[in-house]
Each structure stands twice: as structure tokens, then as C-alpha cells.
Amino acid sequence: MPALIKLQDVHFSYRIPDTDPVAALAGIDLEIREGEFVALIGANGSGKSTLAKIFNALLVPGSGYALVDGLDTREKSSRPRIRAAIGMVFQRPQDQIVATTVGEDVAFGPGNMKQPPEQICALVNSALKETGLFSYRDRASYLLSAGETQRLALAGVLAMRPSCLIFDETTAMLDPAGRKMVMEQARRLHSSGHTIIFITHLMEEAVQAERIIALH
Ligand code: ADP
Ligand code: MG
């Protein structure tokens, strides 16, 4: 399988005015192949979330480079395609919910991608079915349980049809049943051909991946 993501000697520092830069990544080389299921582990502050944002071009390396599907994230014109290909599910799903009802929320991403209405409707319905939320589509998004909110955040990402999904400590705020459900979703998406990058601090989750990348 070809490399979906390739990083070469990536360095990244956060720059905040009037303070010293905070080094988050130094000299990262790695490749993630299409269709792989990778776990990404490391202590708090080791740079996992920063790395995830480098993968989907939310952040651009300070030096070195990141290629996604052969596209260089330093090229501004490539970023919309990269962001559509690499979907992110965050730790606090409520930050990812933007609309009042479940269905409207899932429609937000495809709506932004200027898809025709029938196409948006099809994408929304299929994302809701994939996450078991189809019968919830007219419900208020703020009334969902933590596990359901996490599934809604995933549905919103799936509606944009990414080829790769990054789960950034998605299970951290969930109970064991909720965590199990997220892992099952990740495995199912992997079986259907998606590349999965699963960021976790739980070894029992990391060992379910095909490969573990540890950040130090
Ligand atoms: P992890 O996800 O592994 O906990 P992060 O990528 O969030 O690690 O953070 C890596 C380093 O970058 C840490 O030292 C963190 O404090 C710093 N950092 C993360 N986000 C920011 C930010 N927005 N501004 C400044 N420093 C940040
Ligand atoms: Mg993090």
C-alpha cells in the first residue's frame, strides 16, 4: 500500500507573542500507509494532538514537510483537499457540534462543501445510519448523552467522506461501554477500507491497532 501520510524531519513550535516558543514536535519522520490502523500513544504534552493537526493541515510544519496523498501541506491550495481526506474526531465532542438538531449538525460539513441538496441528504442519512443515529435525526443535539454526542461528532466527520479518520482521545470522556462502542466504530471503518489513527492513553485500546507509534 502507498503512503497516505508521510512526514520528513517535521519540527513544530507554538509561537505566542511576547513569550518563548513552545517546542511541540522535533524531528518527526513517519509514514502511515493507506488502509492502516495505527495507534498513537505518548504522555500528556508529548505532541499527539499537534501531530494530528499536522496530518490534516490544520497546522503546517515549521521545518520539514508533511505529504498527504502526495500533496504537500505547505501548499495552501492543497489544504481543502487534505482536510476533506483526513477527518478528525476530538476529545470534547460538544465542541464539534454546531447545529440545533442532529440532522442539521451532520449536514453542516457537506453544506459547507457546496454539495447539491439531494447529495447532502444522502450523505447525512448514510452517516446517521453508520453511527446508529438515524432515528435521532430530528432530536435536539444538546440533549444527547455523552456517548451519543461522540457518535454525532463522528457522523459529522463521516458525512464529508474522509478516507482517513483520526480519533484524538475520543474515548477519554466516555464510560467503558461508550469507549467500546467508539473502538467498534473505528474497527468497522477500518474493515470498510478507511485508514484509522487512534490516539489513546489506554494500552488496552492501543493493542487493538496493527501498529503503535509512541511519541516521546
Ligand atoms: P498531547 O496531545 O500529546 O497532550 P499536544 O500536542 O497538545 O500534546 O501538546 C504538545 C506541546 O505543545 C505541549 O507542551 C503543549 O503545552 C503545547 N501546546 C499545545 N497546544 C498549544 C497551543 N495552542 N499554544 C501553545 N502551546 C501549545
Ligand atoms: Mg492531545
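Helices (H or I, at least four residues) and strands (E, at least two) are DSSP runs here, numbered from the N terminus. With that naming, Ser-78 sits in the loop between E5 and helix H2 (79-85). The model is predicted: local features need pLDDT of at least 70, side-chain atom pairs count only at pLDDT 80 or more, and totals for chains, interfaces and linings use all residues. Residues are numbered from 1 along each chain as its sequence is written, chains are lettered from A and ligands numbered from 1 in the order in which they are written, and side-chain values use heavy atoms, with hydrogens and water left out.

Stay with Ser-78 for a moment. Buried means under 20% relative accessible area, exposed means over 50%, and partly exposed lies in between (1.4 Å probe, protein chains only). Ser-78 has a relative accessible area of 10%, so it is buried. Contact means heavy atoms within 4.5 Å. Leaving aside neighbours within four places in sequence, Ser-78 is in contact with Leu-71 and Asp-72.

Gly-70 belongs to another loop, between strand E4 (63-68) and strand E5 (71-72). Its relative accessible area is 62%, so Gly-70 is exposed. Gly-70 and Pro-2 are 68 residues apart in sequence, yet 9.7 Å apart in space, C-alpha to C-alpha.

Now the interior. In soluble globular proteins, nonpolar side chains tend to be buried together. A nonpolar core is a set of buried Ala, Val, Leu, Ile, Met, Phe, Trp, Tyr and Cys residues joined through side-chain atoms within 4.5 Å. The largest such core here has 32 residues. Val-106, Leu-165, Phe-167, Ile-196 and Phe-198 touch the most other members. Two or more residues come from each of strand E3 (37-41), helix H3 (102-112), helix H4 (117-130), helix H5 (146-158), strand E7 (164-168), helix H6 (176-191) and strand E8 (195-199). H5 gives the most, with six residues.

What does Phe-167 touch? Not counting residues up to four places away in sequence, its partners are Val-89, Leu-154, Val-182, Ala-186, Leu-189, Ile-196, Ile-197, Phe-198 and Ile-199. Apart from this core lies another, of 31 residues, including Leu-4, Leu-30, Val-38 and Leu-59.

Next, the helix pairs. Two packed helices are described by the angle between their axes and the distance between the axes. Axes are lines fitted to C-alpha atoms, for helices over the stretch in contact, and angles run from 0 to 180 degrees between N-to-C directions. Take H3 and H5. Their axes come within 7 Å and cross at roughly 35°. A crossing is left-handed if the near helix is turned anticlockwise from the far one by less than a right angle, and right-handed if clockwise. The crossing of H3 and H5 is right-handed. Val-102, Asp-105 and Val-106 in H3 meet Leu-152, Ala-155 and Gly-156 in H5. Ala, Val, Leu, Ile, Met, Phe, Trp, Tyr, Cys and Pro count as nonpolar, Asp, Glu, Lys and Arg as charged, and the others, Gly among them, as polar. By class, this contact has four nonpolar, one polar and one charged residues.

H3 has a covered side. Its buried residues are Val-102, Gly-103, Asp-105, Val-106, Gly-109 and Pro-110. They pack against H4 and H5.

H5 also packs with H6. The angle is about 20°, with the axes 11 Å apart. Angles under 35 degrees count as roughly parallel, over 145 as roughly antiparallel, 65 to 115 as roughly perpendicular and the rest as oblique. H5 is therefore roughly parallel to H6. H5 passes H6 in a right-handed crossing. Gln-150, Arg-151, Leu-154 and Leu-158 in H5 meet Met-181, Val-182, Gln-185 and Leu-189 in H6. The residues of this contact divide into five nonpolar, two polar and one charged.

Helix H1 (residues 48-55) is mostly covered, with six of its eight residues buried. They are Lys-48, Thr-50, Leu-51, Ala-52, Ile-54 and Phe-55.

Last, the backbone. Most residues other than glycine have a negative phi. Ala-57, which follows H1, has a positive phi near 65°. Lys-114, which follows H3, has a positive phi near 55°. Asp-18 is not a glycine, but its phi is positive, about 70°. Asp-18 lies in the loop between strand E1 (3-14) and strand E2 (22-33). Is Asp-18 buried or exposed? At 82% relative accessibility, Asp-18 counts as exposed. Glu-169 has a positive phi near 50° and lies in the loop between E7 and H6. Glu-169 has a relative accessible area of 11%, so it is buried.
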